[in-house]
Amino acid sequence: MEFLRNIYNWIDVRLGTHEIITEKRTGYLLPRNVNAWYSLGSVLLVIFCLQIITGMLLMLYYVPDIDKAFDSVSFIMTEIPLGRLVRLFHAVGSSMMLLVLLLHMFSILFMGSYKSPRELHWLTGFFLLLLAMGISLTGYLLPWNQLSFWATTVATDCASSIPFIGENLVELLRGGKQVGLHTLGRFYTLHVGLLPALIAVLIGVHLFLIQRTGVSTPPFGLEDTSNQWKGESFVYEEHPGGIPFFPNFFLQDMISISLYLACFMVFVFFFPNIFIPSTSYVPANPLVTPSHIKPEWYFLANYQTLKLFPSEIIGLTVQAIAMAFLALLPFIDRGEEKHPLKRPLFTFCAVSGILLWIGMTVWGLYS
Amino acid sequence: MDDSKRKFINICLGGVAALAATAIAAVTYPLFRYYLVPPTDKKSGGKTSIPLNEIALGDAKFFEFNGVAAVLVRKQDGTLAALSAVCPHLGCIVQWEKDRQDFLCPCHAGYFTADGAVISGPPPRALAKIPYSLANGVVTIG
């Protein structure tokens, strides 16, 4: 212990780590009515780290070549000790990451935490959601099975309906007319290089913004639930008399992370086939599209919307408008009220939107 | 700092920024081209030959033509049709339904006739026709 204390002191006198812990952790006060939903950000950080670790372990044996990719994944699953577990951790983890991201987004939505001055927090979070969907889509192709091949074909083909540049854009994405060797190379580069780097940078920006403005106050349990920031000047939102981040909220973070890991393990050990269906065990065949091909669950609503509209461009335009509305929500909703029950029109629209998305997802699954 | 020094430094900084922008622009286009055109996919105008006796009456044969999936149909009346097998809706490969003598796209249930015309479903247009010729029992496509 003495040795460890000496190391700590050695670092402390050089970097002032004790001051960081005192000021930024124990002295970092959160609103007294802070709730468990605020810990989802920490859960997401843990998931991202797990995805990086399992992804690097998979890279040890994965071969990004159309003749070897499927076999290399099979090799990892069947021959490498704990390989099946690592692959399941990564595959199930990507779905869980999106699920928790959506929950995080919904909680921000209902607590009105996206309102000024936190428009940039929302925007960076929204782009993180898009990047997470992108990294999931690019990773989905890598096992080179029937499901991944055709889900990628359908997803990339959507771009072809964009007027004038559609066909060129599809070739740019695929690196050819059809999904093939160059698509695998491009998606692999995006999946293991560019997208994780962009996500890491954006997480950094997101955390910086939160540190800079202070944590928002949830609207529950308060008399005045209006937005306190009037837009006159920069104000750090302090919470005098609030609860310290460490150890109080750190404990909440640990509880949420443990609960998440428990749910995650249930899927990994008991229901892995939800995320890896039977078509995932058949190597990709560019000449045969399997029946009832379905994209991953987080794209099912988009897939069903495309089916509903007679014209692909209308289906895409509707989705683009919905996404743009969501991204620009803090600039559209300028109302001061944050409590969901005190802004019934917003709550009705938000609940309807979420139910519509869930409905389209379920419809897409069973159609 | 007097105004002339400030002005001089601003001009220098502007020059450096312009140089940096030019350098970025100079490498962007070659990088874009590197990304854009994979040389191995530039084979077009090729021909594919299929012996007619490889396809029974009322059956179809799928093959790769210029990098994309294609199909040759030998209809019940003996006539032929060479078509792109790529559904114009979302790019899935159509399946030949021998009993119904039509094509089905398994992704969104689009149906096409043996000549590629849309029967029902979301496909916005017919399957693209591919020119072919028949000589000495061999169909040459392209």
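Student: In which loop of chain A is Leu82(A) placed?

Tutor: Leu82(A) sits in the loop between helix H4 (69–78) and helix H5 of chain A. Helices here are DSSP runs of H or I of at least four residues and strands are runs of E of at least two, both numbered from the N terminus. This is a predicted model, in which local features need pLDDT of at least 70 and side-chain atom pairs count only at pLDDT 80 or more, while totals for chains, interfaces and linings use all residues. Residues are numbered from 1 along each chain as its sequence is written, while chains are lettered from A and ligands numbered from 1 in the order in which they are written.

Student: What makes Phe164(A) exposed?

Tutor: Phe164(A) has 7 other C-beta atoms within 10 Å, so Phe164(A) is exposed. This residue belongs to the loop between helix H7 (146–157) and helix H8 (166–174) of chain A, and its phi, near 70 degrees, is a positive value in a residue other than glycine. Most residues other than glycine have a negative phi, and most peptide bonds are trans.

Student: Which peptide bond that involves Pro117(A) is cis?

Tutor: The bond joining Ser116(A) and Pro117(A) is cis, with omega about 10 degrees. Pro117(A) lies in the loop between helix H5 (83–110) and H6 of chain A. The bond from Phe246(A) to Pro247(A) is cis too, with omega near 10 degrees, and Pro247(A) is found in helix H10 of chain A.

Student: Are H6(A) and H9(A) roughly parallel or roughly antiparallel, and why?

Tutor: Helix H6 (residues 119–141) and helix H9 (residues 181–213) of chain A pack at an angle of about 160 degrees, with their axes 9 Å apart. Axes are lines fitted to C-alpha atoms, for helices over the stretch in contact, and angles run from 0 to 180 degrees between N-to-C directions. Angles under 35 degrees count as roughly parallel, over 145 as roughly antiparallel, 65 to 115 as roughly perpendicular and the rest as oblique. H6(A) and H9(A) are therefore roughly antiparallel.

Student: Why does strand S5 of chain B stand at an edge?

Tutor: Strands pair if DSSP finds at least two bridges between them. The open sheet of four strands in chain B has the order S5-S6-S7-S8, with antiparallel pairing. Strand S5 (95–97) and strand S8 (118–120) each have a single partner strand, so one side of each is left without a neighbour in the sheet.

Student: How do you know that S6 and S7 of chain B pair?

Tutor: Three bridges join strand S6 (residues 102–105) to strand S7 (residues 110–112) of chain B, which run antiparallel, and the requirement is at least two bridges. Within this pair, Leu104(B) stands opposite Tyr111(B) in S7(B).

Note on methods: A residue is buried if 20 or more other C-beta atoms lie within 10 Å of its own, exposed if 12 or fewer, and partly exposed in between; C-beta atoms are placed from the backbone.
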